[in-house]
Amino acid sequence: MRYVTYELAGERRIGRIEGDLVQPLEGPAELGRDTPADVLATLVPMGAPVARASVRLLPVVPRPDKIFCVGLNYHAHVEETGRELPAYPVLFTKFTGSLIGPADDIVLPPESRQVDYEAELVVVIGKAGRRIARDAALDHVLGYTVANDVTMRDFQYKTHQWLQGKAWDRSTPLGPELVTPDEADVAAATVRTVLNGETLQSSDTSKLIFDIPTLVATVSEFTEILPGDLILTGTPGGVGHRRDPQVFLLDGDEVVVEVGGIGRLANRVRAEAPALVTSPAWSA
Ligand code: ZN
């Protein structure tokens, strides 16, 4: 199954994808904390399906309790950064307010000159747990989606903590769909970035240094994971900052990140400064 969180006429709903249609479902209004796997599977249709083109897709999990991200999780990316192969996953976080919808514009903040792309497979948690064993980890997965881990490199490298370069407000497209494990083959899914038609990242998930069960086990060792929590699994080689010459996102660009069989995010890049908001409209 494939699910989305969307808005139509001011109303937020979970929808099940049926071709070009979205079937609204009764129950919780968004994917996340209230849709563990056993609940999601029981949601029933509510009313008639609507055209997918008529809805505004939100970040597929609009308000996750936690967003874990993994740095340096593909050999080629570790090599291009000139770092040692990590013995333990490099973890950092984003905030709920970091997320944007799958078709929203990526707005270049006036403070950064080095806004970069990172194509990533995302694991969505579907069952709470703590100290989960590696061999039980996949029981806690609700499904998979895609993120562009948009990064302000000049802010990432101001200190040895990456926080401010990674958790910028309204920076990170997430979605478009949650794909349940029965429909998702993530053993060797392609992971690509295409910027203005040029392929800049191309790898597949078989090259992850720390695989999905290891990541679920690792994060749940120190904190309880909850339904709707996200794990961004890291990006392959080819990021803009490590290219020669360097490539950064510019006003008017179209950046596409894609994970084979899971989804595709296409976002327009826009330099215009956003109106000052204390939180994204969809998270109110
Ligand atoms: Zn990343």
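Predicted model: local features only at pLDDT ≥ 70, side-chain atom pairs only at ≥ 80, totals over all residues.
View 1. Strands of a sheet pair through backbone hydrogen bonds, in either the parallel or the antiparallel sense.

**View 2. Pairing of strands S15 and S18.** Strand S15 (residues 190–195) runs antiparallel to strand S18 (residues 254–259), and five bridges join the two. Val191 has Val259 of S18 as its bridge partner.

**View 3. Protein donors of the zinc ion.** Glu118 (OE), Glu120 (OE) and Asp149 (OD) are the protein donors of the zinc ion, at 1.9 to 2.1 Å from it. The spacing of these donor residues in sequence is E-x1-E-x28-D. Glu120 belongs to strand S11 (residues 119–125), whereas Asp149 lies in the loop between strand S12 (141–148) and strand S13 (151–152), so the pair ties together parts that are 29 residues apart in sequence. Glu120 is buried because its relative accessible area, 0%, falls under the 20% cut-off. Asp149 is likewise buried, at 0% relative accessibility.

**View 4. Helix H5 and its surroundings.** Helix H5 (residues 212–222) is largely enclosed by the rest of the structure, because nine of its 11 residues are buried. The buried residues are Ile212, Pro213, Thr214, Leu215, Val216, Ala217, Thr218, Val219 and Ser220. These buried residues of H5 pack against strand S6 (67–71), strand S7 (90–94), S11, S12 and strand S17 (230–232).

Key:
Residues numbered from 1 in each chain as written. Heavy atoms only, no water. Donors = N, O, S within 2.8 Å, 3.2 Å for Na, K, Ca; no water. Helix = DSSP H or I, 4+ residues; strand = E, 2+ residues; numbered from the N terminus. Buried < 20%, exposed > 50% of the residue type's maximum accessible area, 1.4 Å probe, protein only. Pairing = 2+ DSSP bridges. Contact = heavy atoms within 4.5 Å.
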